Amino acid sequence: MIDRQHLRIVHAIHQHGTMTQAAKSLYLTQSALSHAMKKLEHEFNVPLWQKEGRRLLLTQAGESLLGLAQRILPQFEHTEAQLRRFAEGKQGTLRIGMECYPCFEWLLKIVAPFLKRFPDVDVDVRRAFSFGGLQALHGYDIDVLITPDPLYLDAITYTPVFSYEQVLVMHSTHDLATKAFIAPRDLAQETLISYPVETSRLDIFSQFLTPANASVKSHKTIETTEIILQMVAAGRGVTALPKWLVDESQESELLCCRPLGKEGLTKTLFVGHRKRTDTLGFIDSFVEMAMAQGLKTNSPQQ
């Protein structure tokens with residue numbers, strides 16, 4: 001029968017590509033690793049990998065086993081970590097996934113009171129996923145996902161925490177500051193500064209420029225919100241950000257915001273989590289605190 005060690009082995013083979021490195025990563029001898037997998041192959045009468053030079057490539061059957069490993073192993077690791085923390089008298093760690101770059105500053109306003117309310121709970125925030133936030137949530141790599149673009153699964157529930165307007169931000173003396181709203185063609189000669197995210201996931205492209213078959217003169221990426229706003233305040237380009245974030249910026253006096261399109265571009269921020277009972281005991285509280293902070297964030301606009 002398939003056991004956890006088989007899953008660990010096939011995952012290591014996929015990750016390292018050679019028997020030597022896979023065995024080393026698992027603190028096993030090559031013979032022990034090979035024997036365990038040959039026994040499984042014999043039981044199901046199907047090869048799980050094949051050699052190509054010095055590398056091992058998974059067969060179709062091996063890929064099927066790898067898929068199981070990628071789903072199950074994170075759940076093992078998560079539960080074991082929780083059990084160890086319970087044994088230490090601690091409640092655990094809340095692992096937060098972020099798919100909203102500018103919302104990090106907003107999240108900080110929740111983390112501080114959350115840590116105060118739950119002194120035995122740690123917080124880990126992850127802002128990049130090579131395989132997507134939804135898969136990380138579904139696969140138990142994170143406990144909650146903060147996203148403005150929820151992808152729905154039966155096992156995941158999303159709670160809206162607040163809505164915000166995405167606006168074009170420019171220096172207060174910029175030529176576009178005289179317009180009541182920004183049309184896609186208005187950006188044809190502009191340098192757009194954004195976070196380092198693929199353009200398909202940037203609202204200004206996916207919901208504003210691309211549908212109008214429009215673009216910008218150039219596109220630069222910067223990691224941090226404050227540096228982006230300083231660049232815009234220095235007249236080095238324009239950017240698209242939530243209006244509440246610009247209002248709170250130290251550079252706000254030098255900046256000007258205009259709606260994207262006549263109707264504006266409104267987004268809603270969601271907190272996603274798995275639907276089953278909150279066994280950690282504090283996810284529901286985090287969602288409640290996020291909703292409360294959302295009301296505070298929206299209040300200056302009302």
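**A loop and the core**

Modeller: Let's start with Asn213, which is exposed, with a relative accessible area of 75%. Here exposed means over 50% relative accessible area, buried means under 20%, and partly exposed is in between (1.4 Å probe, protein chains only). Keep in mind that this is a predicted model, where local features need pLDDT of at least 70, side-chain atom pairs count only at pLDDT 80 or more, and totals for chains, interfaces and linings use all residues. Residues are numbered from 1 along each chain as its sequence is written, and side-chain values use heavy atoms, leaving out hydrogens and water.

Asn213 isn't a glycine, yet its phi is positive, about 55°. You'll find Asn213 in the loop between helix H7 (203-209) and strand S8 (218-221). Those labels are DSSP runs numbered from the N terminus: helices are H or I with at least four residues, strands are E with at least two.

Now look at Ile204. Leaving aside residues up to four places away in sequence, Ile204 touches Leu168, Leu187, Leu192, Leu209, Ala240 and Leu260, where contact means heavy atoms within 4.5 Å. Along with Trp106 and Phe286, Ile204 has the most contacts inside the largest nonpolar core, which has 60 residues. Strand S6 (residues 156-171) gives the most to this core, with seven residues. A nonpolar core is a set of buried Ala, Val, Leu, Ile, Met, Phe, Trp, Tyr and Cys residues joined through side-chain atoms within 4.5 Å. In soluble globular proteins, nonpolar side chains tend to be buried together.
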